[in-house]
Amino acid sequence: MWRYRELIPVDTRYVVSLGEGGTPLYRAEKLARWVGVKRLYLKFEGANPTGSFKDRGVCVGIAKALECGARVVACASTGNTAASVAAYSARAGVKCVLFLPEGKVAPGKLFQALLHGATVIELNCNFDEALRLVLKLCGRGCMYLLNSVNPWRLEGQKSIAYEIADVIGVPDYVVVPVGNGGNISAIWKGFRELHDLGLVGELPRMIAAQATGAAPIVKAFRAGKVTVDPVNEPETIATAIRIGNPVNAPKALKALYESRGLAEAVSDYEILEAQVAIARYEGIGVEPASATSVAVLRKLVHEGVLEPDATYVCVLTGHALKDPSVVDYLSKWVERYRCGVGDIHYILETVLRK
């Protein structure tokens, strides 16, 4: 992403890079037919160094921490931010403290955080309470905060827009999974900057995708509000967006209103169905939160809200290996057999007859 260094306000002498950005933008023709549209692209952020879009923002955040002379960085996380902050802290040689809701972080993400040597503090609370605690602690000046309430994080994440525009120009719609709300606002900021500089002539409409069990931004948008009413106990299989009180909700809602966008929520079943479809039709493995963008697009097209002839980009925020724990929920779509060696011919005949 540092090919866009002139548009990222950070002193590049402090940048500690792992090769973030430059992720693939796939034309998804088979998945497009399943969704019900003619032109669908998938921006696969799982190809970033730690497997999620968080690397773009954390890279800039770490650079700012070093510029400020910080020796300890911290964040609360549902998993992806923790993995990214742990990796970039290790690369930069600064201490990292992570505050995670106990039992609510996917094993792949927890493994990454521990592997990179971060200090992990698991709290008996949800993400929103963990974030309130880390905001209070960082406010004392002992640690540098790297959650997306830190505006430098969003300065890195906006590069997603630059890359989309570089490859296909400006699409009609960009669909983004939304948890804390930072990424959708960052991507909108990126497109707006390109437009203000005269580098593109149009702007996309942004679509916020959430899970029904954690959809405060969708509810606020439908009510025409600029702030959210928190969901006290958010629940969804899409752990990366299981957030009830998103700190960047005002920015996300502003992006939706300014872009004449939309917001929609889908069930866990619809999310898993889309996760399987992305993998089976296009060979791209994503975690459940990523699939929310495709699930929402399909729902809006089938309900007649969106036209099939437009050009759509769905942002896929994280790699499938981030959250392998959902395998037990995929039984409806999986052909899986357990057998002895003596039964193998019968099993093969059964499979090949299908």
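Author: Helix axes are lines fitted to C-alpha atoms over the stretch in contact, and angles run from 0 to 180 degrees between N-to-C directions. This is a predicted model, in which local features need pLDDT of at least 70 and side-chain atom pairs pLDDT 80 or more, while totals for chains, interfaces and linings use all residues. Residues are numbered from 1 along each chain as its sequence is written, and side-chain values use heavy atoms, leaving out hydrogens and water.

Reader: At what angle do α11 and α12 pack?

Author: Helices (H or I, at least four residues) and strands (E, at least two) are DSSP runs, numbered from the N terminus. The axes of α11 and α12 lie 7 Å apart, at about 100°. The two helices are therefore roughly perpendicular, a term for 65 to 115 degrees.

Reader: Which residues of α11 and α12 make the contact?

Author: Contact means heavy atoms within 4.5 Å. From α11 the contributors include Glu270, Ala274 and Ile278; from α12 they include Pro288, Val294 and Arg298. The contact residues divide into 7 nonpolar, 2 polar and 4 charged.

Reader: Which residues touch the most other members of the largest nonpolar core?

Author: Such a core joins buried (under 20% relative accessible area, 1.4 Å probe, protein chains only) Ala, Val, Leu, Ile, Met, Phe, Trp, Tyr and Cys residues through side-chain atoms within 4.5 Å. Of its 38 residues here, those touching the most other members are Leu31, Leu40, Leu42, Ile278, Val294, Leu297 and Leu306. Among the elements giving two or more residues are α1 (29-35), β2 (39-44), α11 (268-282) and α12 (288-302). The largest share, 8 residues, is that of α12.

Reader: What does Leu40 touch?

Author: Beyond four places in sequence, the partners of Leu40 include Leu31 and Val35, together with Leu297, Tyr312 and Cys314. A second, separate core holds 36 residues, among them Phe191, Val200, Val218 and Val313.

Reader: In what order do the strands of the open sheet run?

Author: Strands of a sheet pair through backbone hydrogen bonds, either parallel or antiparallel. Here 6 strands form the order β1-β2-β10-β7-β8-β9, with mixed pairing; pairing requires at least two DSSP bridges. The edge strands, β1 (25-27) and β9, each pair on one side only. Neighbouring strands are turned by 25° against each other on average, direction ignored. β8 and β9 pair in the parallel sense over 5 bridges, and Ala208 stands opposite Ala263 in β9.

Reader: Where does Arg260 lie, and is Arg260 buried or exposed?

Author: Arg260 lies in the loop between α10 (249-258) and β9. Its phi is near 55°, a positive value in a residue other than glycine. Arg260 is exposed, with a relative accessible area of 58%, exposed meaning over 50%.

Key. Angles under 35 degrees count as roughly parallel, over 145 as roughly antiparallel, 65 to 115 as roughly perpendicular and the rest as oblique. Ala, Val, Leu, Ile, Met, Phe, Trp, Tyr, Cys and Pro count as nonpolar, Asp, Glu, Lys and Arg as charged, and the others, Gly among them, as polar.
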